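Take a look at the structure first, then try each task before reading its solution.

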Amino acid sequence: MSQVNNQRKRDWSIEEAERVFGVASWGGGYFDIGQNGHIHVIPQPNSPDIRIDFKAVIDEIRGEGIQFPIVIRFHDVLRSQVVALNQTFGRAIDAAKYEAEYRGVFPIKVNQMREVVEEIVDAGAEYNFGLEAGSKPELLAVLAYNTNQDALTILNGYKDEEFMRLALLGRRLGRKVVVVIEKFSELVSLVRLSKELNIEPMVGLRAKMQVKSLGRWQGSSGERAKFGLTIAEIIKAARYLEAHEMGDALKLLHFHIGSQLPDIRAIKDAVNESAMIYAELVHMGFPLEYVDVGGGLGIDYDGSKSTNDSSRNYTLEEYVADVVYGLKEVCDLENVPHPHIVSESGRAITAHHSCVITEVVGEIKPDGAEIDTTPRENDHVLLKNLYELHQYIDDHKNYQEVYNDATQWKEQAAEAFKLRVISLEELGKIETLYWQIMRKVQSYYQSEDFVPAEVQSLDFSISSQYLCNFSIFQSAVDSWAIDQILPVVPITGLDKPPTKNCSLVDITCDSDGKIDKFIVDHELSNVLPMYDIPEDEPLYLGMFLTGAYQDVMGDMHNLFGRLNEVHIFSYDDDPEDFYIEEVVKGSSVDKVLSVMQYHPSSMALDVKKLIDRQVAEGHIKPREGVKWTDFYEYCLEGYTYLNTSKP
Ligand SMILES: *Cc1c(COP(=O)(O)O)cnc(C)c1O
């Protein structure tokens, strides 16, 4: 269990803050802690002079009256990631003397927001970077946005006949649209439709891979994988195309062994396996042009550079080198042409570009209230025991014993209360004394080298929960669903030592709506070092790396809707190095109610009628009635989250 001990507090510095919060470890070169103790953004690592102070961004957002919580998108970070991926492949291809090109695609399921897709297409234009779709709605979007004739459009997922027709429409528009066959029957329908419409398709085959990957998505490979063709099916598919005189349409071999691959070995193995299948197909007379290595390029969410589920044990350069050299080696051995390389990295491109900023709106303490514990004559013996323990605690030599006794008596008191042996008031006093004793025990162990396990867990039970104005189900769904670790850091004040350890809870009425897994000082911790909530201004927390999946997979639990979004561009000539390019309003209450089939305007009318009746009957003054009517409508049009602005 990590905690910020007293020694640390005395020697606090920015370097110390960096060690505790690990900003540079997960920041990917885009985030660090500035000398002023604020989080800084370096949106273009190639231009390190452009540094955006996060505090300035928040001040401007507040100045414009935009309500928190908000999503902030750094468009330059997104662009930088697209460029980094393409240039890294380009460099490795040159260095390896690889005789084909990189033609990556962005799988839009990772973040389908139009602004995100547009920015990626634009930043990738000079590299002919394309898009990938996995469903009909995504295909409709991709057909409209991926207009570069030289960029690939890759279509994965299960497909109906309409899907195939849309793919062929793409071919009619002169695009390189590749239909990746996930199961054999799809090929039958694609061949039939292509003949009917007289359009030559581009066909890809997704291979079911033998390689076992580590990580959360290891079910994406192996025999029980949901997608892909076995070796026998691949051969059958190729022969089927040949039999229909469409052997030339077979262009691409695809695999995807799971997202967030923590271990580079799985990637090496998969590349090798796919290269062998590719080479064999070429030998069989099918000169495929592309090998698509899918997604899986991980993000180091916890900054540990390890095979933890939330980390990766390799860099972008190593990943790319393994793909390029892995393919080259097999192809040279087998004496077949090098295929163009396609990858479908979604997470790696988008994760860093967006974050969620929320305010801490309250503190929930385990010992939230204390009552007067002055002893009285007839107090129960359990209560008397705790008085004495509390009174003479400083004389005690054995704090472990203090802990054990107090805990046992508190448990016995709870039982005694159920049996009506002690009163509610006595139980309240016992609680008060118990927590006072526990705080003493905890502070005693702060300066000790050896801390018993029970006392370690005391840190967690004694810590506060900070109530944050957001919904984990909307903004950080993987943190709830799959224990994904997302970095959380206060935006300012990091030049001072933290004052307490806290876990975080959201504002949903769901006890799962909490975050109690953090990486602190490179270790997993239930609590995060935190600061007291200032009197005069909000305490802002940033939850980072939310640009992949989190941005788009959230739900409306408790009818908390989409967040207000602020799009930031960097701009060197600006004194603060940035400007707000766009504000996208989040969901209003009437909008989320409409999604659930309510009729907000008639609801407003109904409530108005109810108020009018109270007015008519003389229970409410007319002026007051108008105010209530207006207030109901004002809230209907308002934001779904807590309104923390002072009236
Ligand atoms: C989800 C998915 C991806 C994206 O994977 P990342 O790990 O986010 O890069 C790529 N290809 C396919 C087929 C997918 O299903």
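**Exercise 1.** In which loop is Lys305 found?

*Solution.* Start with the numbering: residues are counted from 1 along each chain as its sequence is written. This is a predicted model, where local features need pLDDT of at least 70, side-chain atom pairs count only at pLDDT 80 or more, and totals for chains, interfaces and linings use all residues. Now find helix H12 (316-334) and strand E11 (290-292): Lys305 is in the loop between them. Helices (H or I, at least four residues) and strands (E, at least two) are DSSP runs, numbered from the N terminus. Next, check the backbone: Lys305 isn't a glycine, yet its phi is positive, about 50°. Most residues other than glycine have a negative phi.

**Exercise 2.** Which polar atoms lie 2.7 Å from an oxygen atom of the ligand?

*Solution.* Begin with side chains: an N or O atom of Lys109 is 2.7 Å from a ligand oxygen. Then try the backbone: a polar atom of Gly346 is also 2.7 Å from an oxygen of the ligand. Both are polar contacts (pairs of N or O atoms within 3.5 Å).

Methods:
Heavy atoms only, no water. Polar contact = N/O pair within 3.5 Å; in protein donor to acceptor, adjacent residues only side chain to side chain.
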